[in-house]
Amino acid sequence: IFSLSCPFDLFTMVLIIYGTPVSQPVRAVMWACLMHRLPFELKLTLPRRTEAGLGARHPEYLKINPWGTVPSISDDGFVLYEAAAILCYLADKHRWTGVYPTDLLQRARIHQYLHWHHEHTRKLTLNLFGPVLMCSPQTRATTADLSETMAQLEQYLGDKPFFCGDALSVADLLAYCEVGQLQPQFFGLWEFGPSYPNLSRWLAVMAKQPGHDEAHKGGVKFKPKFAEMKQKFEEACLVQL
């Protein structure tokens, strides 16, 4: 079980985030809060688990989120799930116009990426991270399929500083939590070489953003355990050959 120490006084917190720092969408929501110094409590909730007070498949949590996924939030009694929706909601409520501008055209670009994310960037976790976590070789995508996804991301970013233009947005937070974890300092699941100059540049810039290190503490702590899982996964893949 992994948890994250939040640098705020828990007694003043209103916002509750249900999830685990190992989850990419959860990290994105945490990062947005840390970046803007919004107090929150992280209530550890693990996907696919059924234990009371811990599992996302337990009946009590399913009352909060009937799909049993993370993150979900409770904001003074208002419950919301799906990371993209949560990011937009919090940004609107707290006027985080730096990462979620009020300009209609700028928002449209952000929404365009958020919708694109689910069928593209998210594949990296589902097809690289997920199979190792579940030791499920049959769900692993081919290198060719993943190379296509990475090439699409490289093209989408292009020579722009950030995914939606000149300024950091909630789209970048969501994207980084999927792409950034592939780097050697995290889980080492992809080689970022000369084929990805745009992504490499962007990754370096994102790692310097406020709240990055705190939001990714849980992932760093999980790295040794993930390395063990990866070894077992690779052995299982050999058995299938």
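Guide: Let us start with His-117, which is placed in helix 4. Helices (H or I, at least four residues) and strands (E, at least two) are DSSP runs, numbered from the N terminus. This is a predicted model, in which local features need pLDDT of at least 70 and side-chain atom pairs count only at pLDDT 80 or more, while totals for chains, interfaces and linings use all residues. Residues are numbered from 1 along each chain as its sequence is written, and side-chain values use heavy atoms, with hydrogens and water left out.

Visitor: Is His-117 buried or exposed?

Guide: His-117 has a relative accessible area of 2%, so it is buried. Buried means under 20% relative accessible area, exposed over 50%, and partly exposed in between (1.4 Å probe, protein chains only).

Visitor: What does His-117 touch?

Guide: Leaving out residues up to four places away in sequence, His-117 touches Arg-122, Leu-174, Ala-175 and Glu-178. Contact here means heavy atoms within 4.5 Å.

Visitor: Which residue does Glu-178 meet in a salt bridge?

Guide: The partner of Glu-178 is Arg-122, with 2.9 Å from N to O. This pair links distant parts of the chain, since Glu-178 is in helix 7 (residues 170-179) and Arg-122 is in the loop between helix 4 and helix 5 (123-133), 56 residues apart. A salt bridge is a side-chain nitrogen of Lys or Arg within 4 Å of a carboxyl oxygen of Asp or Glu. Glu-178 is buried, at a relative accessible area of 1%.

Visitor: How many salt bridges are there by this rule?

Guide: The count comes to six. One of them joins Lys-93 and Asp-75, at 2.6 Å from N to O. Lys-93 lies in helix 3 (residues 83-93) and Asp-75 in strand 3 (residues 72-75), so this pair ties together parts that are 18 residues apart in sequence. Lys-93 is partly exposed at 40% relative accessibility, whereas Asp-75 is buried at 6%.

Visitor: And which residue forms a salt bridge with Asp-92?

Guide: Arg-107 does, with the closest N and O atoms 2.6 Å apart. Arg-107 is in helix 4 (residues 104-117) and Asp-92 is in helix 3, 15 residues apart. Arg-107 counts as buried at 17% relative accessibility, while Asp-92 is partly exposed at 43%.

Visitor: Changing topic, why is helix 5 described as largely enclosed?

Guide: Eight of the 11 residues of helix 5 are buried, so the rest of the structure largely encloses this helix. Among them are Leu-124, Leu-128, Phe-129 and Val-132. Just after helix 5, Cys-135 takes a positive phi of about 45 degrees.

Visitor: Now the whole chain: how many helices and strands does it have?

Guide: The protein chain has 10 helices and four strands. Along the sequence their pattern is β-α-β-α-β-β-α-α-α-α-α-α-α-α. The radius of gyration is 18 Å, close to the 18 Å that the globule rule gives for 241 residues, so the chain is as compact as a globular protein of that length. That radius is taken over C-alpha atoms, and the globule rule is 2.2 Å times the number of residues to the power 0.38.

Visitor: What does the C-alpha trace span, and what share of the residues is buried?

Guide: Along its principal axes the C-alpha trace spans about 55 × 45 × 30 Å. Buried residues make up 51% of the 241 residues.
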